[in-house]
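Please look at the sequence and the structure below before reading on. The report that follows takes up the contact between the chains, then one chain as a whole, and then a few single residues.

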2 protein chains.
Amino acid sequence: MSPKHVAIVGATGAVGRTLLSILAERRFPVGRLTLLATSRSAGERVLALGDEHPVHEVTPERLEGHDFVFFSAGTDGARRWAPAAVERGAVVIDNSYAFRMEPGIPLVVPEVNGHALGPEARLIANPNCSTIQLVLVLAPIARHVGLERIVVSTYQSVSGTGIEALGELESQVAGDARGVVPEPRVYPHPIAFNVVPQVDEFVDGGYTREERKLVDETRKILEQPELRLTATTVRVPVRVAHSEAVNLSLSRSVSAAEARAWLAQAPGVVVVDDPARSAYPTPLAAAGRDEAFVGRIRVDESQPAGLDLWISCDNLRKGAALNAVQIAEQVLARSPAPTGRAS
Amino acid sequence: MSPKHVAIVGATGAVGRTLLSILAERRFPVGRLTLLATSRSAGERVLALGDEHPVHEVTPERLEGHDFVFFSAGTDGARRWAPAAVERGAVVIDNSYAFRMEPGIPLVVPEVNGHALGPEARLIANPNCSTIQLVLVLAPIARHVGLERIVVSTYQSVSGTGIEALGELESQVAGDARGVVPEPRVYPHPIAFNVVPQVDEFVDGGYTREERKLVDETRKILEQPELRLTATTVRVPVRVAHSEAVNLSLSRSVSAAEARAWLAQAPGVVVVDDPARSAYPTPLAAAGRDEAFVGRIRVDESQPAGLDLWISCDNLRKGAALNAVQIAEQVLARSPAPTGRAS
């Protein structure tokens, strides 16, 4: 395959750096690599794919001449620059929520709804981290039985907020050992030795944006616009990998063994479920791995037909960068290949 | 009130030490104080109520002559010694699950079901920490509306396991800073910078004992033996105070404002719920406090009549020691006063 010209907007962030690792790991056919960021990070140099690359400030001219532009630059960055990149012929894969809920914009987890990625799509939204791991597990179940209602409680790592939040956790842990915990700056409350039941800002009805994303995006990806789903999203002092306690109300009763069998065959999912050996997913074990890990699968006796289960998944990899690269791989595999640069 | 002779079995544990603080804080009328423990801790000396006290190995003779014996000595310790203490005339308040589900044994949270503590009760069970904070919040709601079904996900602190677990968290955090994390011994997986979806041992149907306790004890305390309730219990790297994400299905729709008003008047409960100021309970803020803190109260739109909410509560205080002392205070207030020692 001919090398592709690739740009990353937000190259110095937690997801941007993971993108660079994953492009290398998966031998994505990168020809020219352009690293872009806001003016704050421009001028840095980043080691990637065996070379040191300068980080430039994003401008319309810098977006010219790429096959793929990965955006991990927040909602503002995406709204400002993603359309310009598309106009200049690139396929854009955006990790922010700027375009996710727009009709006509594909919101894709390749293992779940790769079919949503039509041959013409040039702006593709990468779902929210906590959504990706949830739909990876829901979809294989939904193929066999109706999803009546879902209750999710999350245990989300600080890397989901970004590199600054990782630094805040470290400095609070170090401060704790010295007896002086620095004031929180990234989060509204200390995160070390604490849990904070707020992820992202509050929007309406007492819900946070993260909770709304989880509901709206799951409905769009599963193509069930009326799916009944509620969530409480919570930050925990974990560095990488989000976890979710999930309660499912189903259209008919399902045994834990049935659910395990469906999930064991699901792409991108690994079942870790042997209570006798204390085997179940944890974020520490999921960090650095590509799959969503699911366990604690059991019949919920509080309803006629329900299951409880537990999911852990690396939020930087499958929850963000890996899924974006998989989308790009799917674009490459579709024919004709993107012709933006040549046209 | 005449001073009471008090013994604590398990005086050197996390709950035992908190019991001693709370007896002092609340000016419980302690006359003679006897500190007991297993042979492993016997011989230690503990500073309590302004004096240094020796810790003796528990024997039937040592249990003689007390008005109150507080047990925080695990299930084995309670099964072995609590009946002997009752036979010797004491009122026993046991913090283990040994007797909680026995018919005829009161399982009491004074603010919720103080009436269950009959005038004759001499062996009284203190509920599980994660149950106490849940029923404190459920009871005021259940007085106004039917509880149809409850889904709970917990975020439980390591002090619930005991002092050894606190040490394990500290040593793993310290090891992490040096790049060498010691092998877990108390928990089956590392707890520092991780979450572990197992609290207590696995019992049946894929559920842990903690999950079964939460279901069974809530039913008994709320006197709703058929209450539909499911739980996933999870350990988090927090030192003190458990949190719970709770989803309620109700018999009729309730606004967040209504629920807040009911909870604001509930004894032992404090509403902290102002999203605009990022005000909600966290375990760090609940640690060292006496009440169950509740927030994130909002209508669950995934069902016709439901609420989501979030609770944090100090598991050593209200979740264990404080509740036990409140039970003893209620016993003192009943007439006639306990006459075990005099009879």
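## Where the two chains meet

How many residues does the contact take from chain A and how many from chain B? In this predicted model, the contact takes 57 residues from chain A and 57 residues from chain B. Among the residues of chain A, the three that supply more of the area buried against chain B than any other three are Phe193(A), Arg296(A) and Ser302(A), and their share comes to 15%.

The size of an interface is often given as the accessible area lost when the parts come together. For chain A and chain B, the area buried between them is about 4600 Å², and 54% of it lies on carbon and sulfur atoms.

## Chain A as a whole

The secondary structure of chain A is made up of 9 helices and 13 strands, and its C-alpha atoms fill a box of roughly 60 × 55 × 40 Å when this is taken along the principal axes. A compact globule of 343 residues would have a radius of gyration near 20 Å, and because chain A has 20 Å, the value agrees with that expectation.

Of the 343 residues in chain A, 60% count as buried. Among the contacts in chain A with a separation of 6 or more, 67% are accounted for by residues 24 or more positions apart. Chain A exposes about 12600 Å², of which carbon and sulfur atoms supply 50%.

Phe70(A) belongs to strand S5, which covers residues 68-71 of chain A. Is Phe70(A) buried or exposed? Its relative accessible area is 1%, and because buried means under 20%, Phe70(A) counts as buried. If its neighbours within four places in sequence are left aside, Phe70(A) is in contact with residues including Val6(A), Ile8(A), Leu19(A), Ile93(A) and Val325(A). Ala42(A) is 28 residues away from Phe70(A) along the chain, and the C-alpha atoms of the two are separated by 17 Å.

Asn113(A) is found in helix H3, which runs over residues 110-113 of chain A, and this residue is also buried, with a relative accessible area of 1%. Leaving aside its neighbours within four places in sequence, Asn113(A) is in contact with Leu107(A), Val108(A) and Ile221(A). Val151(A) is 38 residues from Asn113(A) in sequence, and the distance between them in space, C-alpha to C-alpha, is 22 Å.

## Residues with a positive phi

Which value does phi take in Ala241(A)? Phi of Ala241(A) is near 95°, which is a positive value in a residue other than glycine. Ala241(A) has its place in the loop of chain A between strand S9 (229-232) and strand S10 (242-250), and with a relative accessible area of 0% it is buried.

In chain B, Arg296(B) has a positive phi of about 50°, although it is not a glycine. Arg296(B) lies in strand S12, which covers residues 292-299 of chain B, and at 2% relative accessibility Arg296(B) counts as buried.

Terms used: Residues are numbered from 1 along each chain as its sequence is written. Chains are lettered from A and ligands numbered from 1 in the order in which they are written. This is a predicted model: local features need pLDDT of at least 70, side-chain atom pairs count only at pLDDT 80 or more; totals for chains, interfaces and linings use all residues. Side-chain values use heavy atoms; hydrogens and water are left out. Helices (H or I, at least four residues) and strands (E, at least two) are DSSP runs, numbered from the N terminus. The radius of gyration is taken over C-alpha atoms; the globule rule is 2.2 Å times the number of residues to the power 0.38. Buried means under 20% relative accessible area, exposed over 50%, partly exposed in between (1.4 Å probe, protein chains only). Contact means heavy atoms within 4.5 Å. Accessible areas come from the Shrake-Rupley method with a 1.4 Å probe; for residues, only the protein chains shown count as cover. Buried area is the accessible area (1.4 Å probe) that two parts lose on being put together, summed over both.
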